[in-house]
Amino acid sequence: MTKLSGGSFLSVGILLLYRRDLHNILKLFAYDSKIVPSFQNVGYVLIGVGALIFIVGLLGCCGSVRESKLLLGLYIFFIILVMAGELLVGVYAVLLGEEWENQLPSALKRRILTYNYTQPAMFEYDLDIIHKQLMCCGIDGPNDFHGNIDYRLYGRRLPSSCCTRLQNGICKEMDSLRFGCYRTINDQMTTYSHGVIAVGIAIAVLEFMALILAICVCRNTNEDDDYD
């Protein structure tokens, strides 16, 4: 059971480190968020936790085979520790979801007002990547750029990344992608989150079962020791 949960943590960690679409999305939303973490740090932490769970599983196996109260006690302690950590992650996910829905879209739309057409910084590059990757424009749509100074200064044109084809090197709104990126990103992240939630619930159930079994084995070991 612990091997399954450890493998799940390792899989999610590797997914965060190597799925480029997730990289780009999290980088974009990290600009105006205080709680969206570095995807690399989260990936490494999940891989480390997965490795720890494999070691904990080994403790449980050795404790059961050798009927060692010490090893079983360590196994129970680490399982409780991991479950407490997962509970904290669940609370964090709720806070992240609230910020994702209520604060990030408006914060990103404010940042779009300062999007620099001629001297792009990292935010401009990251937003352009999202535009091209998800075939979208702006957060809610091309209208997000209407308040941008460069949009008015350069003849009401949009960033080149908002168009699949340019007229004389210019992206006109009539040729732009009509859908905003937030809805597309939200749909994609919802799909990922549903999968993660389902796996998380399954892992929690398995870990709880493993905890109960370990406690039962530990109690039986105590009884055998008393009998001897």
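F77 comes out partly exposed, at a relative accessible area of 48%, and F78 lands in the partly exposed class too, at 23%. Here buried means under 20% relative accessible area, exposed over 50%, and partly exposed in between, with a 1.4 Å probe and protein chains only. The model is a predicted one, so local features need pLDDT of at least 70 and side-chain atom pairs count only at pLDDT 80 or more, while totals for chains, interfaces and linings use all residues. Residues are numbered from 1 along each chain as its sequence is written, and side-chain values use heavy atoms, with hydrogens and water left out.

On to the rings. A search of the whole structure turns up four aromatic pairs. F77 and F78 make one of them, edge-to-face, with 5.4 Å centre to centre and 70° between the planes. Y117 and Y154 are stacked instead, since their ring centres are 6.2 Å apart and their planes sit at 5°. For the record, rings of Phe, Tyr and Trp (its six-membered ring) pair if their centres lie within 6.5 Å; planes under 30 degrees apart count as stacked, over 60 as edge-to-face and the rest as tilted. Y117 belongs to the loop between helix 5 (104-112) and helix 6 (122-134), and Y154 to the loop between helix 7 (149-153) and helix 8 (181-227), so this pair ties together parts 37 residues apart in sequence. Helices (H or I, at least four residues) are DSSP runs, numbered from the N terminus. Y117 is buried at 14% relative accessible area, whereas Y154 is partly exposed at 33%. Ring pairs link Y115, Y117, F145 and Y154 into a cluster. Elsewhere, the charged end of R111 sits over the ring of F123, 5.1 Å from its centre; the criterion is NZ of Lys or CZ of Arg within 6 Å of the ring centre and within 35 degrees of the ring normal.

F145 also shows up in the packing. The largest nonpolar core has 28 residues, of which F29, W100, I130, F145 and I185 touch the most other members. Helix 2, helix 5, helix 6 and helix 8 are the elements giving two or more residues to this core. Helix 2 (residues 20-30) is itself mostly covered, with eight of its eleven residues buried, F29 and L22 being among them.

Then there are the disulfides, three in the structure, each a pair of cysteine sulfur atoms within 2.5 Å. C136 bonds to C181 with S to S at 2.0 Å, and the bridge is right-handed because its S-S torsion is about 95°. C136 lies in the loop between helix 6 and helix 7 and C181 in helix 8, so the bond ties together parts 45 residues apart in sequence. C137 pairs with C162 at 2.1 Å S to S, again right-handed, with a torsion of about 80°. C163 and C171 are joined at 1.9 Å S to S. Both C163 and C171 are buried. Counting bonded cysteines along the chain, the pattern reads 1-6, 2-3, 4-5.

Note on methods
A nonpolar core is a set of buried Ala, Val, Leu, Ile, Met, Phe, Trp, Tyr and Cys residues joined through side-chain atoms within 4.5 Å.
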